[in-house]
Each structure stands twice: as C-alpha cells, then as structure tokens.
Amino acid sequence: MSGHNKWSKIKNKKGSEDAKKGKIFTKHARNITVAARQGGDNPDYNPALKAAIDKAKADNMPNDNIERAIKKATGEGAGDNYQRIIYEGYGPGGVAIIVDCLTDNVQRTAPDVRHAFDKNGGNLGTDGSVMFMFDQKGVILVDGKDKDFDNFMMDALEAGADDVSEEGEFFEAITSIEAFNDAKESLEKAGYESKRAEITYLAQNYIEVDESHHKALEKLIDSLEDNDDVQEVYTNWQEPDEEE
C-alpha cells in the first residue's frame, strides 16, 4: 500500500489506543501556545493555530485545555520561549527518520534525542541528511462511511487536492501547504467530516525492512514519541499490516 495508508493507520491508531492522554495533551497545548504566539490568538486569521486546535480536538483534548493554551500565549506563562527544532537521522534497517520538536531547552532535547537513536541502533544525522526524501504536505482524512469515493475525488480535486486515496472506511486527500486550509474548509462545506487534518511530512517512497529490525525500530520510535519535547516522528518505513 502507499505511504498515505501508513499515515492514516498510524495517526488513527495513535489517537484511539494511546492511553497517555496527559502527555498528548501537553504536546498539543505547547503547539497551540506557540502557534498563537507567532500568529495571533484568532484561529480564523491564523491557519497554524486552527490546524493545531483541530489536531488537538481529534485527540479529544477538552476545550478548556485548548483555551488555556491560547491564553498562555499572551498571558500567564508567556515567558516560556519554545522553538521548533528538526532532527534527522537513520534507524535500524536504514529507515529515514524526522523528529519534529518544540523545546525551551535545546541543551536538554538534543542529548535526549541522540540517546534514543544510539540506544536503539540508530544514528542521528546532520541537517538535510534525510529531509530530501520527504515532502511537506497537507493531509485531510475524512469519514467515508455512506459516501461515494468517486464523488469525494471530484470534490477534493475541485477543492485543490493533488491526490486522493481510499483507505478502508476513510477517504484521504493530499494537498500542497498553500491549498490545505481552503481544501479542508471546502470539503467540510461539502458535507465531509474531517477525522484528522494536518501539515505533515510524507516520504516520497516507503521502504520495507527485514523483520529482524522491526522491534528495534518500534522501540526507537516509541522512545522518541515518549519525549515531551517531541511533537511528531516521521519515517519512510512501510510497516507491515497488523494481520501479517
């Protein structure tokens, strides 16, 4: 299957099965605060904030938590100085990995990320070492139940999507960063329910690796995702289907 299917599977699995809601909400709150501080506290005029809020709601983050995170951008805790840092490296089996972080202390985050790679058979690389293998895209996942895929395809392409796919009970639209917000709004107006929508890194090609590397890869990814400073981990690993 395509890498699009991988994105759908991982994101929805994580949202439904991850019991560490407190940690997830902390990451969402940090992302919302940074977006509000950089572009203003009105999501109607701040696409990054709107995307951060939508992403938090997809993980069932309470509205009170979201509002507190927005207020923190200009009020209490405004002294927190978070910056986005991207780390790149390779995991077992030559899998390319991008680690997207928001941190207030690079001296803490960098050693932690390096330790996760070293401990689990990976290698932290330099800037640009794997980024060229990925494209930054908008991904919109909608509920396809009782919907016709051909109609969705026409609606999505008309809304500005570059590509579409059918993934089980979901339909997926891939957009450029520039077309993302308008495409999402158009699809929602057309009656499609967004299950998850975000700007993400999609690998240009996904690779299969020998089964002997699977456990080490999973440990590396879990170790990175467990770090409070890590927002997302992206790879070009074509994970096997659960049935296999």
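Visitor: How many aromatic pairs does the count come to by the ring-centre rule?

Guide: In this model, which is a predicted one, the count comes to five aromatic pairs, where a pair requires ring centres within 6.5 Å.

Visitor: Why is the pair of Phe-149 and Phe-152 called tilted?

Guide: The ring centres of Phe-149 and Phe-152 are 6.2 Å apart, and their planes stand at 35°. Planes under 30 degrees apart would count as stacked and those over 60 as edge-to-face, so the angle of 35° leaves this pair as tilted. Both residues belong to helix 6, which covers residues 149-159, and they are three residues apart, about one turn of the helix. Phe-149 and Phe-152 are both buried.

Visitor: What makes the pair of Phe-152 and Tyr-192 edge-to-face?

Guide: Here the ring centres are 5.3 Å apart and the planes of Phe-152 and Tyr-192 meet at 75°; the limit for edge-to-face is over 60 degrees, so the pair is given that name.

Visitor: Why is the pair of Phe-152 and Tyr-192 said to tie together parts that are apart in sequence?

Guide: Phe-152 sits in helix 6, whereas Tyr-192 sits in the loop between helix 7 (180-189) and strand 7 (194-203), so the pair joins parts that are 40 residues apart in sequence.

Visitor: Why are strand 3 and strand 8 said to stand at the edges?

Guide: The open sheet is formed by four strands in the order 3-1-2-8, with antiparallel pairing. Strand 3 (123-124) and strand 8 each have a single partner strand, so one side of each is left without a neighbour in the sheet.

Visitor: What makes strand 1 and strand 3 a pair of strands?

Guide: At least two bridges are needed for two strands to pair, and strand 1 (residues 83-91) is joined to strand 3 by two bridges, the two strands running antiparallel. Gly-89 stands opposite Leu-124 in strand 3. Helix 5 (residues 106-119) lies across strand 1, strand 2 (95-103) and strand 3, and runs at about 15° to strand 1.

Visitor: Why does Ser-129 count as buried?

Guide: Its relative accessibility is 17%, and buried means under 20%, so Ser-129 counts as buried. Ser-129 is found in the loop between strand 3 and strand 4 (134-143). Leaving aside neighbours within four places in sequence, Ser-129 is in contact with Glu-88, Gly-89 and Tyr-90.

Visitor: What does the secondary structure of the protein chain come to?

Guide: The chain has eight helices and eight strands, and 45% of its 244 residues count as buried. Among contacts between residues at least 6 apart in sequence, 72% join residues at least 24 apart.

Technical notes: Residues numbered from 1 in each chain as written. Predicted model: local features only at pLDDT ≥ 70, side-chain atom pairs only at ≥ 80, totals over all residues. Heavy atoms only, no water. Phe/Tyr/Trp six-rings, centres within 6.5 Å; stacked < 30°, edge-to-face > 60°. Buried < 20%, exposed > 50% of the residue type's maximum accessible area, 1.4 Å probe, protein only. Contact = heavy atoms within 4.5 Å. Axes fitted to C-alpha atoms, helices over the stretch in contact; angles between N-to-C directions.
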